[in-house]
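Please examine the sequence and the structure shown below. The paragraphs after them lead through selected features in turn.

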Amino acid sequence: MDAAPSAGPARKARVSYFYDPDVGQFYYGQGHPMKPHRVRMAHSLVLHYGLHGKLDGYYTPTRATAEDLAAFHSQDYVDFLRTVNPDNMSRYTRELRDFNMYEDCPVFDGLYQYCQIAAGGSLGAAVKLNYQTSDIAINWAGGLHHAKRAEASGFCYVNDIVLAILELLKYHQRVLYLDIDVHHGDGVEEAFLTTDRVMTVSFHKFGNNYFPGTGDLGNMGHGQGRGYSLNVPLRDGITDETYHSLFQPVMAKLMEVYRPEAIVLQCGTDSLAGDRLGVFNLSSKGHAACVEFMKSFGLPLMLLGGGGYKIINVARCWAAETGLAVGADMAEQLPPNEYYDYYGPVGYTLTVQPKAGLDNWNTPPYLDILRNRILQRLSELQGAPGVAFHERAPDGMDLDDIQDVNMAAPGASPQRIWDGELDPEDDPTAAAAEGGRRRADASFRDPRTTKPLSPSMLRPPSASQLAGGSGRGGGGGDPAAPAESAQDTEGTGEGARAGNRSPGWPFGDWI
Ligand code: V1D
Ligand code: CA
């Protein structure tokens, strides 16, 4: 699948990568399709393909604080996430119902730490892009697009994407959010529904009550944000070719008219063929072509995870997309890795292939109508909105708080291969260097937000972390033509807000 390149930079992108070695240990429970272990599997492929050597920085994220989370989420909800656990949850029947924390979103051991890791990685990624010390920043543990201000939804508890975009808005006038998960990116769309400073675009399955049930073509934003939410409702069985017959013209036009200054791309892999919950028929090359296309614009780019329920496919796809970000050639044969045996059914290969003989309900007439309506709508957008910059909000996280992990090649004896430092506790000679580097970065520090460094972030991964760590668990259409929905073609529907300074606007005055 070819991505039509745009005017992109010739030089190699500086890529930073956020990974917390604990993420694979969290376990949603027996029978639940969401398995954080898949992030550890992707990371293992990243290491064993040697991609870490091509990264500009590899970081253990600073875990987001309650205050960080409250930039979007309600204080009550954050307090509850911090308090509830499997042992005390029986005392909180009402809150569990109010915050939607059952079935899809169960309470499990370490839930709050899991939220902190997901959000911390995406906030760190935003800070790296804001300071222009990375061109691309990756957090495969993020991309939790369904979480609402005071409600868990669709396996997502905190919306790391909204938090990261709020951070990007401190330095960028316009941010594009693009979602290629098979499910509608409803939480992010809802958060920015009334602003033109964020354009949200979601390509997803829509129809037959498919979760979350929102995201029809007619949903296009409200008030000041009218026209700045774009939904591409797709039917079952879409292939690489048909997907890109929409994706590339739509995104090229959108980039031309909206002219974002930064891009956040949610790379949910449940849009791949063979997913346990998804209904599309994309290959991993078709999925990665979306990443390649967006990378070709040469703008600050954040790559986030999301859904994906066939875990070997998730790992193969995100590893390949990490390789694409750093510009690596990757052998089709998977390298030996801790989870090598899992890949037997697919012949130990990197590419996720489409399924033969699957019906594609996205017929040519359907796609033509959809493309024409969207292109027409984009051509009517009022150009790129600008804002008069007033005082900049304090940074959510200091650049100093983002520490390079000193990482040896898997299986090799430890060596200094990063431009970051060893833990001064482990290597006394590094302490002097630490002081020198920190001074250089000190010009970025905002005294209002200086946070102490977490000692755990300075430590290189242990041998067991390199080997995959120990865990508490893991492993484990209707082709009708699209219709504008009456409910949403006017900016006066339920939930409509006059503008982003209205009482319903949760973000204060900063954006
Ligand atoms: F099959 C299951 C087994 C156990 C628990 C949940 C599920 C399950 C499958 N599909 N839950 C769903 C979807 N929920 C419903 C509910 C029925 N109620 C009325 C709602 O259909 C939720 C699917 C969530 C998809 C999440 C995501 O892939 O988009 C994602 N992206 O980033 C993180 C997650
Ligand atoms: Ca999904």
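The model is predicted.

Two packed helices are described by the angle between their axes and the distance between the axes. Helix α8, residues 240-258, and helix α11, residues 364-379, pack at an angle of about 5°, and their axes lie 10 Å apart. Angles under 35 degrees count as roughly parallel, and α8 and α11 are therefore roughly parallel to each other. On the side of α8, the residues in contact include L246, V250 and L254, while those of α11 include L367, L370 and I374. The residues of this contact between α8 and α11 comprise 10 nonpolar, three polar and two charged.

Helix α6, residues 160-168, is mostly covered, with nine of its nine residues buried. Among these buried residues are the charged-class D160 and E167, as well as I161 and L163.

Finally, the backbone deserves attention. The peptide bond from F211 to P212 is cis, with omega near 0°, and P212 is found in the loop between β5 and β6. F155, which is not a glycine, has a positive phi near 70° and is placed in the loop between β3 and α6. Is F155 buried or exposed? F155 counts as buried because its relative accessibility is 9%. Y348, also not a glycine, has a positive phi of about 55° and lies in the loop between α10 and α11. At 27% relative accessibility, Y348 counts as partly exposed.

Key. Residues are numbered from 1 along each chain as its sequence is written. Chains are lettered from A and ligands numbered from 1 in the order in which they are written. This is a predicted model: local features need pLDDT of at least 70, side-chain atom pairs count only at pLDDT 80 or more; totals for chains, interfaces and linings use all residues. Side-chain values use heavy atoms; hydrogens and water are left out. Axes are lines fitted to C-alpha atoms, for helices over the stretch in contact, and angles run from 0 to 180 degrees between N-to-C directions. Helices (H or I, at least four residues) and strands (E, at least two) are DSSP runs, numbered from the N terminus. Angles under 35 degrees count as roughly parallel, over 145 as roughly antiparallel, 65 to 115 as roughly perpendicular and the rest as oblique. Contact means heavy atoms within 4.5 Å. Buried means under 20% relative accessible area, exposed over 50%, partly exposed in between (1.4 Å probe, protein chains only).
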